[in-house]
Amino acid sequence: MAYQYACVLLAVALIAAPALSHPVGAPLEACTDMMPHHLAEPQKLAAPYKILLNKERAVSGESVTVTIQGNTPQDTIKGLLCQARVDETAVGSFDIPSSDDYVQTLDCGNVKMSAVTHKRITTAPNSISFDWVVPDGLTENVKMTCTIVQSLRVFWVKVKADNLKVN
């Protein structure tokens, strides 16, 4: 009897584990703390990824290309959630074509297109790029802030790019 019970528990765990991930994008609950809610703790060591911006300065209405890139070919991206932030507040919007294979926008805090998250990724890439648009009137420096998921239990929260100076 105990063996059968153990087998049933194992089967339920194996079936439930993938359901606890978010294969078609981050949940809205992740918008504030950027935690993927995978029932695992974030990695403590430095992320093996870079967040690269195609410029150091930008002005209102201008697009900035953001690239998330693994340090090695094995550092693939299975999921992500990115926001441009001033302190802890998301600013601006992302411009993602609907035909993009890897990412889509997410409306955090009822703000349209204020975050970018993954679509269903079957073959995880080593690099993903997308565009962020500087909002009108912004004068503070911005930090592109991302949670990057390598696998269900391996992820880094609030990885930050260098400051983007906004004039």
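Let's start with a strand pair: E6 and strand E9, residues 127-133, run antiparallel and share three bridges. Strands here are DSSP runs of E, at least two residues, numbered from the N terminus. Two strands pair if DSSP finds at least two bridges between them. Within this pair, Phe94 has Trp132 in E9 as its bridge partner.

A word on the source. This is a predicted model, with local features needing pLDDT of at least 70, side-chain atom pairs counted only at pLDDT 80 or more, and totals for chains, interfaces and linings using all residues. Residues are numbered from 1 along each chain as its sequence is written, and side-chain values use heavy atoms, leaving out hydrogens and water.

Now the whole sheet. It is open, with four strands in the order E1-E3-E9-E6, paired antiparallel. Strand E1 (49-53) and strand E6 (93-95) are the edges, each pairing on one side only.

Next, the core. A nonpolar core means buried Ala, Val, Leu, Ile, Met, Phe, Trp, Tyr and Cys residues joined through side-chain atoms within 4.5 Å. Buried is under 20% relative accessible area, with a 1.4 Å probe and protein chains only. The largest core has 32 residues; Ile68, Phe130, Trp132, Val142 and Met144 touch the most other members. Elements giving two or more residues include E1, strand E3 (63-70) and E9. The largest share, four residues, comes from E4.

Last, a second, separate core holds eight residues, including Leu81, Leu106, Cys108 and Ala115.

Note on methods. Buried means under 20% relative accessible area, exposed over 50%, partly exposed in between (1.4 Å probe, protein chains only).
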